[in-house]
Amino acid sequence: MGFEQYHEPAGELSAETRTFARMCANLTEEAEAIGWYEQRISLEQDPAARAIMMDSLVEEYKHFSMELEYLFRAKPRWREIARGILFQDGDIVANGTAAEAAAGGGGGHDGGPAPAGSNGPSLGIGSLKEQNR
Ligand SMILES: [Fe+2]
């Protein structure tokens with residue numbers, strides 16, 4: 001059994017944070033499974049085997065979606081940003097930029113503003129995006 005979902009000592013993490021990390025790991029695994037089934041289905045010649053794998057693929061869509069919804073409920077700010085991106089027409093990057101700005105911009109912990117002088121939990125992806133323009 002692997003414990004790779006923790007990047008900090010598990011004993012120092014709250015039960016809530018451990019559950020959140022587990023659900024993030026689950027979400028990653030569902031996304032991987034979706035990618036693997038796509039590859040297998042694209043190559044499989046046997047119709048019955050393809051049908052079974054298609055059924056499995058749809059199950060992974062459900063699992064991924066349920067886990068994503070769980071994480072959104074745990075992190076309202078994430079949910080708010082996602083609401084501005086998911087199921088929206090138009091440019092995905094522009095929608096993302098607008099959704100992040102509407103949620104109070106980058107940085108800060110979920111549900112609150114960034115502490116003064118803090119870059120918050122941001123991985124800096126937005127700033128990398130700006131550098132590549
Ligand atoms: Fe699954």
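## Secondary structure

The protein contains five helices and zero strands. Along the sequence the order of elements is α-α-α-α-α. The model is a predicted one.

## Burial and contacts

The protein has 133 residues, and 3% of them count as buried. Contacts between residues at least 6 apart in sequence were also sorted by separation: 33% of these join residues at least 24 apart.

## Phenylalanine 87

The phi angle of phenylalanine 87 is near 65 degrees, a positive value in a residue other than glycine.

Is phenylalanine 87 buried or exposed? Phenylalanine 87 has 6 C-beta neighbours inside 10 Å, so this residue counts as exposed; the cut-off for that class is 12 or fewer.

## Histidine 7

Histidine 7 lies in the segment before α1 (15–43). Histidine 7 counts as exposed because 8 C-beta neighbours fall inside 10 Å.

How many residues along the chain separate histidine 7 from alanine 21? The two are 14 residues apart, and their C-alpha atoms are separated by 9.3 Å.

Definitions and conventions. Residues numbered from 1 in each chain as written. Predicted model: local features only at pLDDT ≥ 70, side-chain atom pairs only at ≥ 80, totals over all residues. Helix = DSSP H or I, 4+ residues; strand = E, 2+ residues; numbered from the N terminus. Buried ≥ 20, exposed ≤ 12 C-beta atoms within 10 Å, placed from the backbone. Contact = placed C-beta atoms within 7 Å.
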